[in-house]
Amino acid sequence: MSLYLEFIHNVALLVALSTLYSLIARHWRNSLLWPRLVTGLLFGIVAGVGMNLPLHYAPGIIYDGRSIILTLAGLFAGAGGAGVAALIAGAYRFFLGGIGVWAGLATIVGCALVGLGARRLCKNRPESMNLFALYALGLVSHLVMLACQLFLPWPVGVAAIARIWLPVMLIFPLATLVLGQLMINEQRRIITERELGESEEKFSKAFRLSPLLFSITTQAEGRFVDVNQVFSEFTGYARDELLGRTTTEMQFWADPDGRAQMLERLRTQGRVTGLEMPTRLRSGELRQLLFAAEAITLQGEACLLSVSVDISQRLQSEAALKQARDFAENLIATANVIFVELDSSGAVVRLNAAAEEITGYRQSELQGHNWFLTLVPKKSYPYVWEEFTKITERGLFPKVFENPILTKSGAEHYIVWQNKLLHNADGELHTISFGIDITERRQAEEELRQLAAELELRVAQRTAELFEANQELQSFVYSVSHDLRAPLRAISGFAEIIGRRHRQNLNPEGQHYFDNIIEASQRMGELITDLLTYSRLGREGVPARLVDLSGLMAEVLAGFERESDQAEIIVQPVLPVVWGTSTLLFQIFVNLLDNALKYHCREGVVRIEVRAGASSAGWSVIEVADNGLGIAPELQDKIFNLFQRLHNRDDYPGTGIGLAMVKKAAALLGGSVGVKSEPGQGSVFWVRLPTKSPEERIKGGMA
Amino acid sequence: MKKKAMILLVEDERMDIELTLDAFRETRLDNEVHVVQTGEEALDYLFGRGRFQDRVYAPLPDFILLDIKLPGISGLDVLQTIKQTPKLKRIPVIILTSSKEQQDRITSYDNGVNSYLVKPITFSGFLEVVESLCEYWLTLNINAPNDD
């Protein structure tokens, strides 16, 4: 009977142990050593106490719950705790003494080791063990305990085993199971509590710190139960202003059905996700929020926990992005510019309508095909491909690039390209190229070039023809004038002979007509002489040189000896040195002087002045001024033309060749002539002549 | 007594011949003018060929008045031949032409012409030319010694 009483004592002790354990286990952390040591201490002490409540089997042979305690110490407290427990229990058993000391100590150590082994097997998580595992542990540890009885003196040990094995194996494993389960439950409860606490902490931290808008409202009225700082900042209301008020009161939903929609979703789908709703801020501004919400129960009331984010900006930028993309797409699609996108291998990604039109291919026909192999003519392929690889491999862009493409119909078109490198959505490098068809422009240019060349050729031909015609005309004029001389000579020669020998045989009328013949033939002689001189000008081929006009003018004046009696001719003593031939210069001044003498006024002394005019670099101007008739402005251009006469021949005889000769001679020398005159005010004829050779003039840059 | 001067006039233009001959007549100088009308004839005369074989009938002239523009062989060709022929080259040759062309003048002088005159337009001009020519070439100028 006392054996059963002792057993109940032991059970009570073990229950007390599990309660004490739960107190310590709360402080268990993987990183802390002291709770394990304290646990070991507790187990050791309880094992010691248990030894005072033994089941007395025989004198010196006592059995108690220490095997269970140490097994569980190994399982729950690990090596440190089990070591402490085994030490205390072992020391106490040793202190008790008796013949069972060694068996008792062996039991202590053996059970602790079995517990540690089980701990190892369940990977240090005893709470994961089920009832069977615990029972199996109890069986193993008590088999070990029975085996330890062999440390008793022979044959006491065997006898003891024979005596106790049945009660031990029936009761002790079950006790191990019960006590272990109690402790496991305790442990599980502690863990659950701790996890709950952690999860609450996590939630409250998330609630507080999240950049998202958190709010908890009652489902029934939409009354704010809690909001986070972000929510209050976002709405513009202080937390205290919101709590206890309803969303309707705050006019939170811009859409009057907002709340209803949210609840409807919650009802049908169990939760709300991805719901976009406009909300109103304190400032009245509307913002689009993206909601997620779930039902929670707070203090028995059905509430709604909603998390939301302001997507107004995102929507705006998305809209802007879409607009930009649409704009670009439309531009590409409708622009009359060829657009082609190629990947880095040269395969066609896409092209626009203009590109389809010019190539004759649909986009679908070209997609994935190498642009260059398909569309670039063989002869151009190498350099075009090289240019493309320069772009893709080295990022080198030609400013513009021109190449021919072969269309589907086989026609060749010239396209001028501008290229750009872009990364597509997948981060691959693509080239986009814009091209303009310049085939027509090139053709036009080519035609223009040909026309220009033709024109040039024609101009050259025409110039040559003109030159030839001019030459012909000159020699024609020359031969005509020349050949006219022979008959003229005959006319005037024989007329003169008649005049000498036979004039008296004519009556007065005959004599008058005869005189007319003489006069006409004389005039014709002058005309022919002047014409010959004119056409001969410049044909002499005498090279030009520097000529001193002072000396030349003296020679010219010598020819006017007779006329200078009736006229006052003043020549500036020093005249410039000019570049020319003396023949041409002679003609210029002879004719200018002749002209000045011829067209004098009826009364008064003829005054002629030859002087140097204003000179410029490389040029000299010589003026021949007279006090003669003068020339009306509208006639001043004409007087240098061949055969141009302003006066009746009977009043002022002349051939109309003199000034033309001046003009031609001056032009042959590279110079020019002109006149400043007023009718009745006399005239100033000027000649502008070069003072340097044409080569020097070109070198000096003078015009 | 000095023998009659002999002048060869090479001229194709009939009227010029008449004017020249009239001028010679008018000056009343004691000379004989032989007229040939082509270059070929002139050379025949000078070389004593064909109808000019008889030197009595066609003696070598004291000077030659030579026109440039002649049908066939030109006056300049005739001049060249004369000046290249040893027994003719010392006979004074006077070009009497209507050409003032530089090229003609150059060619004439290069070929050894003795004088270059331009035909006057008037008869009095002709008179002056003929008078001067005769005075100069027949009176003042001393001819080169004759080979004959």
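Modeller: Happy to! Let's begin with A:G493, which is placed in helix α15 of chain A; helices here are DSSP runs of H or I with at least four residues, strands are runs of E with at least two, and both are numbered from the N terminus. This is a predicted model, in which local features need pLDDT of at least 70 and side-chain atom pairs count only at pLDDT 80 or more, while totals for chains, interfaces and linings use all residues. Residues are numbered from 1 along each chain as its sequence is written, chains are lettered from A and ligands numbered from 1 in the order in which they are written, and side-chain values use heavy atoms, with hydrogens and water left out.

With a relative accessibility of 0%, A:G493 counts as buried (buried is under 20% relative accessible area, exposed over 50%, partly exposed in between, with a 1.4 Å probe and protein chains only). Between A:G493 and A:I518 there are 9.4 Å from C-alpha to C-alpha, at a separation of 25 residues in sequence.

A:L473 is found in helix α15, and together with A:F476, A:V480, A:L484 and A:M524 A:L473 makes a nonpolar surface patch of about 420 Å². Helix α15, residues 439-501, gives the most to this patch, with four residues. Patch members have over 30% relative accessible area and no salt bridge, and nonpolar side chains (Val, Leu, Ile, Met, Phe, Trp, Tyr) are joined within 5 Å, like charges within 9 Å. A salt bridge would be a side-chain nitrogen of Lys or Arg within 4 Å of a carboxyl oxygen of Asp or Glu, and the areas come from the Shrake-Rupley method with a 1.4 Å probe, only the protein chains shown counting as cover for residues.

Now for charges and rings. The charged end of A:R442 sits over the ring of A:Y414, 3.5 Å from its centre; for A:K664 over A:Y534, the distance to the ring centre is 4.5 Å. The test asks for NZ of Lys or CZ of Arg within 6 Å of the ring centre and within 35 degrees of the ring normal.

Finally, the whole chain: chain A has 20 helices and 19 strands. Its radius of gyration is 67 Å, well over the 27 Å that the globule rule gives for 703 residues, so chain A is more spread out than a compact globule (C-alpha atoms are used, and the rule is 2.2 Å times the number of residues to the power 0.38). The C-alpha trace spans about 215 × 70 × 60 Å along its principal axes, and buried residues make up 41% of the 703 residues.
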